[in-house]
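This briefing goes with the sequence and structure shown below. It moves from a single side chain to a helix and then to the chain as a whole.

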Amino acid sequence: AGFGLKPSIRDAVPYAVQAEKSVGINFFGTLAVSKALLPIIRARGRVVNVSSQAGQGSLRRCSAELQARFRDRSIAEEELVMLMTKFIQVAKEGTHEEAGFSNSAYGMSKVGMTVLTFIQAREMETDPREGILVNCCCPGWCRTDMAGYKAPRSAAEGADTPVFLALVAPDAKQPQGRMFYDRKPIEF
């Protein structure tokens, strides 16, 4: 879920615009909605952020230094915001790869989304409301306007894992701060 340019038009859109729109909607949009909704979630609530395995691919194409920063489970939200802002800035300058970022604007937005999920999960562990679980998932390549209609999965099939995570038993303590694909946790 989120924003990504159709492959048929992506090459016609300047990379700076791709970066600003993808990260602006997928990362900063989710961050803004989370700031509004997380405070009102009840105890034992569930948060499921929709990310993508494209984020994993982009992370592997980042510099070793950036990979380490994004994978650091103690990263602060402020540092993540700074990194995502820097990505947009260097993308506008055309120096994002030299700065250590991958060349996928969509993928970088999903790196931000996944790391944001880890931060939110960590914050919920000390929240006085008990049992709030925060996870993210990749719905897979689904037939949508964004992905095209040759994709192997229907939207309903892509919705299976997010619904599975949203319906984790109210008394469950896990999963927390994980990424899922096909109802199974995957490494980031």
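Which side chain of opposite charge is nearest to R46, and how far away is it? In this predicted model, R46 is buried without a salt bridge, and the nearest side chain of opposite charge is that of D171, 6.3 Å away. A salt bridge would require a side-chain nitrogen of Lys or Arg within 4 Å of a carboxyl oxygen of Asp or Glu.

**Surroundings of R46**
- R46 belongs to strand β1, which covers residues 46–50.
- A polar atom of the R46 side chain lies 2.5 Å from the backbone oxygen of A169, and a polar atom of that side chain also lies 3.0 Å from the backbone oxygen of R44.
- When neighbours within four places in sequence are set aside, the residues in contact with R46 include G131, I132, L133 and L165, together with A169, P170 and D171.

**Helix α2**
- Helix α2 (residues 15–37) has 23 residues, which at 1.5 Å a residue should span 33 Å, and the 31 Å between its end C-alpha atoms agrees with this.
- A kink of about 35° is centred on G24 in α2.
- The buried residues of α2 include Y15, Q18, A19, S22, V23, N26 and F27.
- An α-helix has 3.6 residues a turn, so residues three or four places apart point the same way.

**The whole chain**
- The chain has seven helices and four strands, and from the N terminus on these elements follow the order α-α-β-α-α-α-α-β-α-β-β.
- Of the 188 residues in the chain, 46% are buried.
- Among contacts between residues at least 6 apart in sequence, 72% join residues at least 24 apart.

Methods. Residues numbered from 1 in each chain as written. Predicted model: local features only at pLDDT ≥ 70, side-chain atom pairs only at ≥ 80, totals over all residues. Heavy atoms only, no water. Helix = DSSP H or I, 4+ residues; strand = E, 2+ residues; numbered from the N terminus. Buried < 20%, exposed > 50% of the residue type's maximum accessible area, 1.4 Å probe, protein only. Lys, Arg positive; Asp, Glu negative; His and termini not counted. Polar contact = N/O pair within 3.5 Å; in protein donor to acceptor, adjacent residues only side chain to side chain. Contact = heavy atoms within 4.5 Å. Expected span 1.5 Å × (residues − 1). Bend = angle between axes of the 7 residues up to and from the residue.
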